[in-house]
Amino acid sequence: MCLIALVLVGCSEERVWQENAVVYALEAEPSDLDPAMTTSLPESIAELQIFEGLTRLDKDNVPQPALAERWNVSDDGKTWTFVLRPGLVWSDGTAITADDFVYSWLRVLSPEKASENAYMLFCIDKAEEYFSEKATAEDVGIKALDHRTLQVRLKNPVPYFLNLTAFHCFYVVPRQAVEKNPETWAATADFPCSGPFRITSWIHSGEIDFVKNEHYWDATAVRTESLQFPISDSQATRLTMVESGQADMMTEPPPADEARLEEKGLYRVAPYSGLYYYVFNVTVPPFDDVRVRRAFAEAIERKNLVEHVVRSHKQPAYSLVSPEISDSEGHEFRKAGGDIQYEDAAEAKRLLQEAYGNKSLPEITVLYNTNELHKAIAESLQDMWKRNLGVTVYLRNQESKVFMEARANGDYQIARASWIADYDDPMTFLEVFSAQDNDAQYHNPKYNALIEEAQQTNDKTRRNELMHEAEKLLFDDCVIIPIYYTTQPYVVRPGIQEYHWSPLGLIDFKYAYKEQVK
C-alpha cells in the first residue's frame, strides 16, 4: 500500500506536507477545474484558490481590484475599460495579458464548447449571437486595446457587472495549457495558475494539494504555505476527518450531530444565498402535464421536513429567489414577492385525479446524487407522495459527476437540484430558466420575453415588476418544487483564522492561516 501511494504521488509534483497546512474536506470530486465548463460548488471552491478574475469579492462580498488594478465605465453604462496590473504572470512565469481575457471569455461563448456558463456572458454585446452561431467572434464586444487594457461593450447597462467579473467563468485560463491538451488540461495537476495557490498533486477521488503561488500578484498577503483538500462525498466521513484532526473544516455535518457539535464549539452557520429544490423535466410523462406537477408540489410538507430532517437553521421555501437577494432598488426582493407556491394535500389529490382519472401513472423515479442528506430528503418526499397522493415513486442515486450530466441532458423525470446566487440580483435565479439548455427543458416564450425586457430596461421600478411577474409565471407553470432556502452549516477546528464564507457558497482561503492552539 505504501508503494502504491508513492507511485500515485510520483505522478505529479512531490506532495508538500506542512504542519500548518489548512485542510478542508471537499464534499465531491471535481469533474475537472476548467472554469469555463464547471458548474458545481466543490469545483468552484477549488477554482477560487487557483484562479482569479478582474475582480475578487472581499469579506463584505464587494468586488475589489484583482488582476485588474482599475477600471472606468462610460456615461451610458455600456462600455467598461479595465487596466490589468503591471507584471502579471502565471505560476509558471509566463505573462497574463488582456488578450488572455479575450481568449478565455470567447472560449466560454464558443458554440463548439457549448458551456453551461455561457449565458452569464450574454450581457456582452453580440455574445449570445456568437454562441448561437449568428455572429463571429470578432463581433463580440470584448477587445484588447493593448497588452494591459481590456475593453468590454455591453448590450445594456448591467448594474452587477463588476460582481460578474469575480465569477468563475470570467476567470482567465492559461491558453498555453488549454491549446496543448484541450480536453484534459484541467483534470491534471500541472497547469499554470493565476490565483493565490497552485496545485501540486491531485489524486482523483482522494485529495487535492496546493501550495502558495509565489508568482501571484498579491503573494505577500497569502499567509498559509499550503492547502489540502481530502475528498469524500460522505458527510459522516468528512466529519470524522475533522474530529480526528485529519481535516480542519467541512460543510454540511449530519443533522443528527448538530447539537453535539454545538456543545463542543465546533459548529458554525454562514449566510448562503441559495435554494434547494426539486426540478421537473417538463417534457417527460407524467410531468409534461402541469396538473401533475402541481399535484406533486402541493403534496409537500416543508415545515416538518426542514425541522426534522434538514435542520441546520434552514428556512422552508415557497418561491425561487432567496431572501438574501436585493432588488434593483436595494430592497429585499422576497419580501415584496411573498410566497408563491402553497401546500394543499386535498387540492393535490384533485389535480392528480383531474389529470389521470382512473388511468395508471407511468412509473416515476426520483434522481439524486449520492449524499446522506439528499437521500434522507428523497425518502421523506417519497413518503409524502405515498401518503398524500397514493403514488409510489422510486429512488435512484448516482455519483455526482454522472448525476450532473444526466440532469443536464434531461435524462430524468424529477431530480434534486440547487442553485446558489452568482451575484446579488434576482436575475441570478430567474435567468436560469430562460437559458436555452436549462435542466427542466422549460421553454416558455412569455417567460423569456419578461426576462429579456427586465435585462434591457433602465427603469428600476419596471425591472422589479417584470422580475416578479416572471417568477410568478414560473410557478404558474410549476417548473420546480422549492424545498428550503440554504444556510451554510460547517464544522471548524480551533485555530483556523481569516477564511471567508461568501453568501455565494464559496470559501476563500487567500488570507487564511492556522494558528497554533495551546
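How many bridges pair strand β13 (residues 274-280) with β18, and in which sense? The answer is in the first close-up.

This is a predicted model, in which local features need pLDDT of at least 70, side-chain atom pairs count only at pLDDT 80 or more, and totals for chains, interfaces and linings use all residues. Residues are numbered from 1 along each chain as its sequence is written, and side-chain values use heavy atoms, with hydrogens and water left out.

**View 1. Strand β18 and its partners.** β13 and β18 pair over 5 bridges in the antiparallel sense; two strands pair if DSSP finds at least two bridges between them. Helices (H or I, at least four residues) and strands (E, at least two) are DSSP runs, numbered from the N terminus. Look for Y278, which sits opposite I481 in β18. Strand β14 (residues 315-316) also pairs with β18, again antiparallel, through 2 bridges, and here Q315 has Y485 as its bridge partner. β18 itself (residues 480-485) is mostly covered, with 6 of its 6 residues buried. Buried means under 20% relative accessible area, with exposed over 50% and partly exposed in between (1.4 Å probe, protein chains only).

View 2. The 4 strands come in the order β4-β5-β7-β6, with antiparallel pairing. β4 (68-73) and β6 (142-144) are at the edges with a single partner strand each, so one side of each has no neighbour in the sheet. From one strand to the next, the twist averages 20°; angles run from 0 to 180 degrees between N-to-C directions, and axes are lines fitted to C-alpha atoms, for helices over the stretch in contact. β6 is joined to β7 (residues 149-153) by 3 bridges, and A144 faces L150 of β7. Helix α3 (residues 98-109) packs on the sheet and touches β5 (79-84), β6 and β7, its direction making about 160° with that of β6. Contact means heavy atoms within 4.5 Å.

**View 3. A three-stranded open sheet.** Here the 3 strands follow the order β11-β19-β12 and the pairing is antiparallel. β11 (249-251) and β12 (267-270) are the edge strands, each pairing on one side only. The twist averages 30° from one strand to the next. Between β11 and β19 (residues 488-492) there are 3 bridges, and M249 has V492 as its partner in β19. Helix α7 (residues 235-243) lies across β11 and β19, at about 160° to β11.

**View 4. Helices α16 and α17 side by side.** α16 (residues 445-456) packs on α17 (residues 460-476) at about 160°, with the axes 9 Å apart. The contact includes L450 and I451 of α16 and L466 and M467 of α17. By class, this contact has 9 nonpolar, no polar and 5 charged residues. Ala, Val, Leu, Ile, Met, Phe, Trp, Tyr, Cys and Pro count as nonpolar, Asp, Glu, Lys and Arg as charged, and the others, Gly among them, as polar.

**View 5. Helices α9 and α12.** The axes of α9 (residues 290-298) and α12 (residues 345-356) come within 8 Å and cross at roughly 155°, which means α9 is roughly antiparallel to α12. Among the contact residues are V292 and A295 of α9 and L351 and L352 of α12.

Notes: Parallel < 35°, antiparallel > 145°, perpendicular 65-115°, else oblique.
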